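Try each task yourself before you read the solution.

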Amino acid sequence: NWCPGCQTALSDIEVEYQEREGKLYYIRYPFKNKTRGKGVVVATTRPETMLGDTAVAVNPQDERFKDLEGRKLLLPLLGRELPLIYDRYVDSEFGSGALKVTPAHDANDFLIGKEHGLRFINIFNKDASINENGGKYQGLTRYEARKKVLQDLKKGGYLEKIEDYDLRIGRCYRCTTEIEPYLSTQWFIRMKDLAAEAMRVVEKKKIEFIPSFWKKNYLQWLENIRDWCISRQIWWGHRLPIWHCGDCGKITVTSGIPSQCSHCTSPDIKQDQDVLDTWFSSSLWPFSTLGWPEQGEKFEKFYPTSVLCTGWDILFFWVSRMVMMALKFTHQVPFHKVYIHPLIGDERGEKMSKSRGNVVDPLDMMKRYGTDAFRFSLVALRTGAPYVRFSDDRVRGYRNFVNKIWNASRFVLMNLEDFKPEGRLQEEGLELCHRWILSRYESLVRKVTLDMEKFRFSEGANSLYQFVWGEFCDWYIELVKPYLVPTGDPKSRYRAQWVLHYVLEGTLKLLHPFMPFVTEEIYQRLSGRRDSIMISSWPKEEAREDREAEEKMSLLMKIIQEVRMIRSEMRISPQKKIELLIRPSHEDKLTILKQHKSYIINLVGASSLLIDRDLSRPPGSASSLVDGVEIFIPLRGIVEIEKERKRLVSAANDLKKKLMLVKKKISRPEFKTKAPPEVVEKKKKEEKELRMRLQRLEKRIEEVS
Ligand SMILES: [Zn+2]
Ligand SMILES: [Zn+2]
C-alpha cells in the first residue's frame, strides 16, 4: 500500500475503502504470430497499469483457452512480448476469463509473478506519475495516463468494450489520496505468533472488554491478521534500528548505536532512513512510559496498568498492538480492562466531518454552555451505538442543570451560616422529609458507586440528574424550608441543617467526576476546607435506607402532584389559596396524611385542609382519586365557572384534533412497516399522553357543567 500523497508505505488498516462507480475495460492483446487467431481479451478497471504487464494468465480448466500453450502475445501500445501462462488462481468468471498480470502493481499479480518467474516492471514514480518504463506516457499522472492510454487503445482498435463496474477504492487515512499498489522494499513484522498470544489472553479473560461485544471484533481481526508493514518513508518518527554496511552489504540490528558492522566489523555503516509506523511506537506506550526497558520503581508500581480507555476506531491500530507488544516484551498483559467508548456523532448519529459541515467545536461549546455542562452531556449521552447523537439542545439542558445545582447550593449555604458540621445527627424523632431524603440519597450512593465500578457512566449521570433535580431540588428543598426558620425550634433547625449539609456534600462528591468545576467551587464554600474535593473520600452507604419513609412520602407526593395538576388545568393562579378536602379510604392513610398535613398545605398553596373519612364532596368542586384517596377542590370563588367551562371545552377540542392526527398517522400501514421502531414508540407514547390529558379535561368539564 503506497500513498503517492504522503509518499510512504502504509499498513493494511491505514487504508480506507470506498465504493465508487467505475468502468471495466475489455482490451484485446494480439498474438505475436498474427496469422493464428486474433489474440486474447483481458478485462481491467485500470487500463494504465497495462504499461507494467508482463504476462497474460488464464485458468488451465478454462475450455476457451485450451491449445494456447506456449503462445506469445504483444502488449498493445508498447509492443512488449508477453507469455501466456496457466494459473489455477485465475477466476474464469471475471471479465473475459483472461487476466493481465502486472506483478509490480497488484498484490495477487505479485504472487503470480513470483510463482512463474515473471518480470517485475515498476511503471510509477513515488508520486504515482508514470516513469521511464511507461514509454511515451512518461511524466503523466496516473489519471492522465489512463485517459491517454484509452484514447490510444481505441485508435489502435484494441478496445473491445466498456462495462459499468462498481469499484472499491482504497484511500490513505491521512490524506485521502488513492492508494497505489507499489513495489518497494519495506520492513514487516510477522504477526501470526504475536496475534495468537494476544488472542489467548483475551480468551482466558486476562483482558476484559467493556462493552463486551468488542471482544468479538478484536478476536476476529487477530484471527485474520496479515503481516504488518512498519516502515514509513516520512520524516517524523523513531528511526528503524537497522544499519546497512557499505562494505559487505549486510545489516546490523541493535538497540544501541553500533560503531561497526556486526558481520565484517567495517566502520562504514549507515542507519536506515525509514522511520517506524507511529502506531508501532504507540504500541510500546503502556510500558515505555514507565521507564522500560529499565524495570524501575514506576514500572514495578504501575505495570500492568488497570484500565485503558479509548474509542473503538483505534481498537486495531492501537489496543491490539499494545497487547501484542506487551506480551512480547514484558510477558504480561499491558492492562486488565479496556473501556471502549463511542465517538461523538451529530444529532442523527452520523460521523462528524469537515466536508459534511456537521463538526462541533468543543471550545465553542464550553464557551457557550460551560465546561461542566459539556462534559456532563458527553457522559450522559447513551453508549452502545458507535456514534452518540450530540446536539446543542442536550448541552443547553445540562447547562440548566448546572444552574439548578448552583442555585440550590446557594440556598443551602445561606441557611448553613451558623452551622457546624461536626455534631452527630439525632436519628430519633427525625422528621419524615429528612428520613426520606436520607433514604433516597443512600440508594443514590449505592447506584452511582455500582455504575462507576461497572463503567456505566451514562446511567450514573442520569441517576444523579434525577436525584438532584427531581428529588433534592423539587421536593426536599421545598419541604425543608419551614424547619429552617431562625425563630423556630433550634433542634429542628439543626437537624434540617445537618441533613442538608450531609446530602449536598455527598451529592457533590458523587457529581464531581461528571462536573468537576462547579462541584469543587461549591464544596470549597460548603466545607470551608482547603483540600480539593478530588481527594476527599467517596461517599459510603450508611444503612439509612428507610422503606417506610419512602412509602409515606410517595403517597404525599402523589397527592401534592395531583392537586398541582388540577390547579394548572383549571388555571388557578399560584397566588390564589385554595380550600382542600381529602377523603382517604383507609385508616392508615388517614393517619399518614394527618401527620403530615403541613407538607400538603405548604406545597399546594392551601388556605385550609380538611382530612376526614366521612366528608362529602362539596358542590361545584374539582375532584380526583389517587391511591384510594379522594381529593376535592371547591371552585366557587376561585375560578369564573362559565368562562372556565368554555375554555376547557375549546382546549378539549384542540386535544381531540391532535389526537386524531396522531391516530391517523399511527394507523397508516406504511408507518407501521417503514418507520423506525423508536419513532413508532414515540408516536404511541404521544397518543397515550394525549388521551390521558383529554380524559382529564373531560372530567374537569363535567365538574364545572
Ligand atoms: Zn497519504
Ligand atoms: Zn559489513
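**Exercise 1.** Find how far apart the centres of domain 1 and domain 3 are.

*Solution.* Start with the bounds, which come from an automatic or database domain assignment: domain 1 covers 2-172 and domain 3 covers 365-545. Then take the centres over C-alpha atoms; 69 Å separate them.

Before you go on, note that this is a predicted model, where local features need pLDDT of at least 70, side-chain atom pairs count only at pLDDT 80 or more, and totals for chains, interfaces and linings use all residues. Residues are numbered from 1 along each chain as its sequence is written, chains are lettered from A and ligands numbered from 1 in the order in which they are written, and side-chain values use heavy atoms, leaving out hydrogens and water.

**Exercise 2.** Check whether the span of helix 3 agrees with its 12 residues.

*Solution.* Helices are DSSP runs (H or I, at least four residues), numbered from the N terminus; helix 3 is residues 192-203. The expected span is 1.5 Å times one less than the number of residues, which gives 16 Å for helix 3. Its end C-alpha atoms are 16 Å apart, so the two agree.

**Exercise 3.** Work out which residues of helix 3 are buried and how they are arranged.

*Solution.* Buried means under 20% relative accessible area, exposed over 50%, partly exposed in between (1.4 Å probe, protein chains only). Leu194, Ala195, Ala198, Met199, Val201 and Val202 are buried. Seen down the axis of helix 3, they fall within an arc of 165° (using directions from the helix axis to the C-beta atoms), so they line one face. On the other side, Lys192 and Asp193 are exposed.

Terms used: Helix = DSSP H or I, 4+ residues; strand = E, 2+ residues; numbered from the N terminus.
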